[in-house]
Protein chains: 2
Amino acid sequence: MAQLSLDDTRALAHTILRHHGFSEDQAAAIADTMAAGQRDECASHGLYRLLGCIATLKAGKAVANAQPETHDIAPALLKVDAKGGFSPLAFRRGLSPALEKARQNGLAAFAINHCVHFSALWVEIEEITAAGMVALACTPSHAWVAPAGGSNPLFGTNPFAFGWPRAGQLPFVFDFATSAIARGEIELHRREGKPVPPGWGIDDKGQPTTDAAAILAGAMLTFGGHKGSALSAMIELIAGPLIGDFTSAESRAWDNGAGALPYHGELIIIIDPRRFLGAQAEEHLARAEPLFAAMAQNGRLPSQRRYEARQRSLAQGITLPDALYRDLLALLD
Amino acid sequence: MAQLSLDDTRALAHTILRHHGFSEDQAAAIADTMAAGQRDECASHGLYRLLGCIATLKAGKAVANAQPETHDIAPALLKVDAKGGFSPLAFRRGLSPALEKARQNGLAAFAINHCVHFSALWVEIEEITAAGMVALACTPSHAWVAPAGGSNPLFGTNPFAFGWPRAGQLPFVFDFATSAIARGEIELHRREGKPVPPGWGIDDKGQPTTDAAAILAGAMLTFGGHKGSALSAMIELIAGPLIGDFTSAESRAWDNGAGALPYHGELIIIIDPRRFLGAQAEEHLARAEPLFAAMAQNGRLPSQRRYEARQRSLAQGITLPDALYRDLLALLD
């Protein structure tokens, strides 16, 4: 395993992105996001994603120097057009005005359009909870997942994330794929030649399989049967047509076999608890704490594993599998 | 089985409610909601609920003549205080101003506070989609459901509902409990002395069981493992402390063994697609249709069973089990 400090982790991503022609602010926003994923030991959202980002750029499916445009379209609605670039810079540009809209109106919807998407939503959620706000976020991806009862891919892995600020503590955050598992996990299993657990997907004939490559050629399944499938459909709709952007099927059609990262939109809803609760805000927010205590009694809170990894990484830096580190260094040739 | 016309179904509910002292507008709103549930063959949200409503009133846990109060607390936030009455009248009072806020600002949050809750959320969702809006709704209940990995009740059955308007067609709507099944279904199994399928719940020692009564005394389980559990936690938070109202644990504590219906709040988010999409609204909304077509190819859309039941009921009226019909008539003694 290769060992890197957090500074070196971020610098490696930044250097590779600049080497391939990304503008300074695009490279900075993407490197920060990947370094956060690596720091929290979300391997499938860490430096590994550089391989996909550079391949997407080389396939002509991403704009390396895109300048996102902010559009104030209604008192509580903000749209940022990523102009074909990756999502992190668009998020960075829209965050302050979106937070301001939530403060002014009580809640706001923040849509990112026309972005290439590789990042975990919890990175963004944590920036919103740091401002004292409650947040929901979701995004489609490529059509890789069959709906309940179906055998053909229709939905993306369609992550759904939520965050709740906690006084003096790390926020309560969850971020899950509405597929049974993140596609990155199946890709990691394929890279490592390992079978996946049952229930993750079906082959191209609609039969259940534990062969990662067969699932990647067939269809993934949603979590939670018809309920998970319904939730995934909702994400297609509210982070697709509702914001004037692609569904996962349209993203995959646009890709047209290039194997690039998904290209679509993202919807974030930001709610200001202090507008809802006024002078009683701190008292009511504190009433959430017994809920967290009871959940923690029976196991870990959703983000606990990431927070523990973060503590380790802040103290000791991160490790990368040698093969991945060599692949990353090869991107500098 | 007893056969009733839809008019008689609604009138029976209305008469029983008036007989027990509900005010005219409380009785009308509750009867309309129950008649809609019965019409769509949602047995656990139909006239059966009258038994629980009257028992709740007799237990001193509902206000029969409550006059809901509307509070305009921020440009995009509306609160309606149900003043201890059932939720349908509070929803009715808040609907127009909440829709107007969504039109003005692009989206709005509509909270109902201090209500006794028995109703299915899809009834409300359909009123919002009828106005051309996209809607999400959720509510806690009593603490009956164990979080993932736990053995003690913490969450409610916490339904989550979503609606999307479709031009010239019935809307795309789903409404599911984040518990593995609605509590009403377990209660119906107990009434009928039938075992429940595995996976619905655990007994008071935390052991899996198919005995409906043992689950009612132990804990229900969420759907979808830790993801369904996370979603249920989110509902506790955003339809509880965020709106200044009870969690499911607080609702159950307030009940204090009375066996009344849950007492808490509800959060509805309304989004105006025409503010998001402007002149391109119809074009983008139409892009949702291929998604629905692909989902229908592999099975039914989420609301299809209800819509088919509605057609039958509009043509032929509804049927009630004799035992239930007798129990209802006994409420008029």
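A salt bridge is a side-chain nitrogen of Lys or Arg within 4 Å of a carboxyl oxygen of Asp or Glu. The views below come from a predicted model.

**View 1. Lys194(A) pairs with Glu192(A) in a salt bridge.** Their closest N and O atoms are 3.3 Å apart. Lys194(A) is partly exposed, at 43% relative accessibility. Glu192(A) is also partly exposed, with a relative accessible area of 49%.

View 2. Arg183(A) is buried, at 9%. Glu187(A) is partly exposed, at 21% relative accessibility.

**View 3. Glu126(A) and Arg306(A) are joined by a salt bridge.** Nitrogen and oxygen are 3.4 Å apart. The pair links distant parts of the chain, 180 residues apart: Glu126(A) sits in helix α5 (residues 121-129), Arg306(A) in helix α13 (residues 304-316). Glu126(A) counts as buried at 15% relative accessibility. Arg306(A) is buried too, with a relative accessible area of 11%. Both belong to a salt-bridge network that includes Arg39(A), Asp40(A) and Arg310(A).

**View 4. Asp203(A) is buried but has no salt bridge.** Asp203(A) lies in the loop between β9 (201-202) and α7 (212-217) of chain A. The nearest side chain of opposite charge is Lys205(A), 6.1 Å away. The Asp203(A) side chain does reach the backbone nitrogen of Lys205(A), at 2.8 Å. Beyond four places in sequence, Asp203(A) touches Thr209(A), Ala214(A), Gly218(A) and Ala219(A).

Terms used. Residues numbered from 1 in each chain as written. Chains lettered and ligands numbered in written order. Predicted model: local features only at pLDDT ≥ 70, side-chain atom pairs only at ≥ 80, totals over all residues. Heavy atoms only, no water. Helix = DSSP H or I, 4+ residues; strand = E, 2+ residues; numbered from the N terminus. Buried < 20%, exposed > 50% of the residue type's maximum accessible area, 1.4 Å probe, protein only. Lys, Arg positive; Asp, Glu negative; His and termini not counted. Polar contact = N/O pair within 3.5 Å; in protein donor to acceptor, adjacent residues only side chain to side chain. Contact = heavy atoms within 4.5 Å.
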